[in-house]
Structure formats: structure tokens, C-alpha cells
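Please read the points below with the structure open beside you, and check each one as you go. They begin with the ligand and then turn to the chain itself.

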Amino acid sequence: MTPGRGARILVVDDNEALRRGIALALREGGHALDQAASGSEALARIRDPAADPYEVVITDLRLPGADGLAVLRAARTREARAAVLVMTAFGSVEVAVGAMREGAFDFVQKPFELDQLEVRVARAVEHVRLLREVSDLRAERSARYAPENLVGRSPALRAAVDLARRAAPTRTTVLISGETGTGKELVAGLIHGLSPRSERPFVKVNCAALPETLLESELFGHERGAFTGADRTRVGRFEQADGGTLFLDEVGDMSPATQAKLLRVLQEQEFHRLGGTRPLRTDVRIVAATNQDLRAAIAEGTFREDLYFRLAVIGIHLPPLREREDDVVLLANHLRDEFARELGRPRSGFDRAALAKLRTHPWPGNVRELRNAVERALLMAERPWIGPDDLALAPAGGEAARDLDLAGCTLAEVERGAVLAALRRSGFVQKRAAALLGVSRRKLNYMIRKMGITHPSWRRNRGASAGDDAPPSLDSAVDIG
Ligand SMILES: Nc1ncnc2c1ncn2[C@@H]1O[C@H](COP(=O)(O)OP(=O)(O)OP(=O)(O)O)[C@@H](O)[C@H]1O
Ligand SMILES: [Mg+2]
């Protein structure tokens, strides 16, 4: 049954006039109607494996053949979501109550007006539709958060996923850290999906998106009149997530006041709605995420250390994509398959140059950037394969050694390209770039100075971090930020 369309309905009654009357009226309402004159005929129709299950069954209780309760059970056995409406003779309320206990959705007493029945049928159809929607959403959610969707073989990623799996069955608070687009939300969903709470809500709050008071009312709710504009009581996310998981995204962006409130809730397992006096309790598992370095934030005094320890009972760090070179191609192929299916496009392969570009690109936006690049490439590629230009990546690889057409290049140019590529890939951390190039840090630092390469992050660090990544840049230096 698709929304807005009619439902598949069976009417069971041995009184032919009544049965036809009902069928006629409901057919006018856009539903697909079948009729059965006896219990046994109804059972045969319900159990017919060649036909779709009925969504609504309207049945008399006293029937020749098998009785209404047998029809009720058969309908619900075939399709657990089926709504069964029973019709009872006047004065036999106990029988109707018995049917409700057996799982009937509603009952009407004979004699009734047809429009009275129509109202009840409309409610039953709506009910079935909602059940269907909920289970579709659940299936979609668990498919989205299924472990197989988390692609990657690099040890750092596997370790993170492993930790998530082990944390999942517990109620322990988890803090997920990692740069933007590394999969923090995906892992949060995975933890929920693998937990005993998976059938309960997974509620997400983006702590960076809202100003302080709005965030607090979002989290804890408010009573009517708590502040100007609070003209209705509002249930907060903590209450909505009862029995489930509350995902606090960008938790590093909370104001000090909200941090203090959250800490209190975590310690006391109790909270108030804004403007409320009644203490409320919910059973919520907290998973938080941040792309900030919370330890640095603690050192700077912008994040509470006590809250940090409450949240990071288990800390999961997701590595940036540039540190997972082998995963890039794996992920690119996986995403290509996914988009090809979604867009109805052939599964074009990446050509050699595209693969090289994927491997050398620094991926500042991590998996999200890769996702976008692959989607765009599938849409743009005019040939049956994906070339480097289809990926339309920021020209970071332009000077990269692997992309150089060596014909006509001087050794100095090749060297410069290699140094730049290594720096980009390592996020401009010289120590890592030196390791990639297989030279000492001293040597790399010397080359960088000679080539006149500089980067804004080095300038910022200068002085503070005792020159670790801060070569004294020449006046004529090229800034490649
Ligand atoms: N290992 C992975 N395998 C497959 N898809 C991934 C993986 N990691 C991330 N993704 C996909 O990349 C996109 C970004 O992931 P996600 O939203 O979880 O990142 P995030 O860390 O929460 O980013 P932000 O900090 O910007 O909110 C999503 O579409 C997600 O499905
Ligand atoms: Mg996120």
C-alpha cells in the first residue's frame, strides 16, 4: 500500500446484502475490496499465497465454517500489521472485548450506519500505513548503519570500528573524534544499531547549530511560558531518546553554561525542562562527537575537563583519509557501486590517472569529499570509465609528482612536485611528509627553504611550538595555503 492509495480489504459476512453494501461503499473510497461469505472462504482467501496479504479485514464474529476469531488469527498470522475490524451482534460486547484481546484493531456493533464503519476503516488504514512507514524507516536506518557500510581495511580504521563494536552492547558513554567527514556519525549510528537499544530512537542534536538557550530547550525541553515565545510545552531530545541513544554532535561547540548543565545531567541522571520544577529521568545512552581537539580546548579553558572525562569513557578516534591511502581506492569503488545503483548508471571504472589522483589528493574533506567527487564523476563521465578530470578535485594534485608529465621537466621541478605532494598528503606536517619522502626532517626542512615553500599553519605555529614545523620562510616565498 503506497501512501494516498487505497488499501487491500476483505469483508467477511454471510449476510450478502450487508457485505455488498460495505464493499460498495469502501470501493468508492478508493480501496480494493474482496468478499467472503463464510469463515472457510475467508481463510482460503487470506492464506492464498498467490495474492498479497490483506491490510484490513472486516469480519463478522459468528460465521458459518470457521468463526471470526479464526479469521482474525489467520489474517494476523499472514500479515502481522493487518488491522482487523470485527462486527458483533448487538449486546455481545464481551465477545468484542475478547476479540480485541486477541489483537483486533476495533469493533462495531450491529446494526451500524455505513459512514460509522467508514470512519473506523479510515483509522485502520491509517494505522497500517503508519506501521508500514515505521518499519520501512527502521529497515532503512539499520541498512544505513549496517557494519558493511563502513568500508576500510586500514588498521587505524579497523581498530576504531572494533572499539565501536565492543562498546555497542554497553551503556557506556562514547566520544568519537576525527576531522570533518571521517565517518563520526556513521560510527555513532553503528554503535546504536549494534546495541540492545537499536529498536528505540536514535536522536541527534547538533550542538553547534543552535545558540545557547535554544540548545538547552532542544536538549531538555521547556515548560509553557519558560521564556518569551515558549507558548507551548516542549519535550526535549533527552526525553525523546528515552530507551535509545542520544547523539551529541559537535559537542566541542557547547557554551560553558550548557556544558555545566549537561555535566549535571550526566552525573545526576536527572534534569528539568527549562522553567520546570519537576525532575525528569530518562534512560539514555550518550554518544558524542567532535572534530575539535578537546584536549587543546581544555588547555585553552573553553571545554570543561570534568565533562570531557564523563563523555570520553570510551574514546574512538577516526583517522583522516589521507592517512589511509589504501582505503581511498576501496572506498572509491564502493561509493561508485552505490551511486551507480542509485543513479542507474553503469559501474564505470577509474582509469590509471584517476586512481593516481585519488591516491595523492590530500582529502581535506575526507570521505565526504570523496563521496561528492565520485558522485560527480559518475554524473559527468562521458566515457565508460572515469578519468582524472571527471573527479574535478581541487587542483591540489596539479603539482604532485605522480601527476607530472615527466617529458620536458627538470629534476628540480620533479623534486619540488614531490615535496609539495608529500606535504599536502601529510596535512603540512613536516615530520610526516619527511617520512613519506624517505628523507630526514632536516633535509626536508632544507629543501622547503630552498624551494621557498611556505604554509599558513607554519606561520601560526612559529614560536609557540618551538619551530617544529616552522621553517624561516624566505621573503620571496610562495604561499601555497
Ligand atoms: N568508512 C566509511 N565507509 C563508507 N562511507 C563512509 C565511511 N566514512 C564516512 N563515510 C561516509 O562519508 C560521509 C561523511 O560521514 P559522516 O557524516 O559520518 O562524517 P562526520 O565525521 O560526522 O563529519 P562532520 O564532522 O563533518 O559531521 C557520509 O556520507 C558517510 O556515510
Ligand atoms: Mg557529523
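1. Around ligand 1 there are 16 residues, and those that come nearest are Val151, Thr180, Gly181, Lys184 and Arg368; a residue is near a molecule if one of its heavy atoms lies within 4 Å of it. This is a predicted model, in which local features need pLDDT of at least 70 and side-chain atom pairs count only at pLDDT 80 or more, while totals for chains, interfaces and linings use all residues. Residues are numbered from 1 along each chain as its sequence is written, chains are lettered from A and ligands numbered from 1 in the order in which they are written, and side-chain values use heavy atoms, with hydrogens and water left out.

2. Oxygen atoms of ligand 1 have polar contacts (pairs of N or O atoms within 3.5 Å) with the protein: a polar side-chain atom of threonine 180 lies 2.5 Å from one oxygen atom, a backbone N or O atom of glycine 181 lies at 2.8 Å, and a backbone N or O atom of glycine 183 lies at 3.1 Å. Taken alone, ligand 1 exposes 640 Å², of which the protein buries 87% (Shrake-Rupley method, 1.4 Å probe).

3. By class, the shell around ligand 1 consists of 5 nonpolar, 6 polar and 5 charged residues, where Asp, Glu, Lys and Arg count as charged, Ala, Val, Leu, Ile, Met, Phe, Trp, Tyr, Cys and Pro as nonpolar, and the others, Gly among them, as polar.

4. The structure holds 5 aromatic pairs, meaning rings of Phe, Tyr and Trp (its six-membered ring) with centres within 6.5 Å, called stacked under 30 degrees between planes, edge-to-face over 60 and tilted for the rest. One of them, phenylalanine 220 with phenylalanine 271, is tilted, at 6.0 Å centre to centre and 40° between the planes.

5. Which bond joins lysine 110 and proline 111? A cis peptide bond does, with omega about -5°.

6. Glutamate 250 has a phi near 55°, which is a positive value in a residue other than glycine.

Definitions and conventions: Polar contact = N/O pair within 3.5 Å; in protein donor to acceptor, adjacent residues only side chain to side chain.
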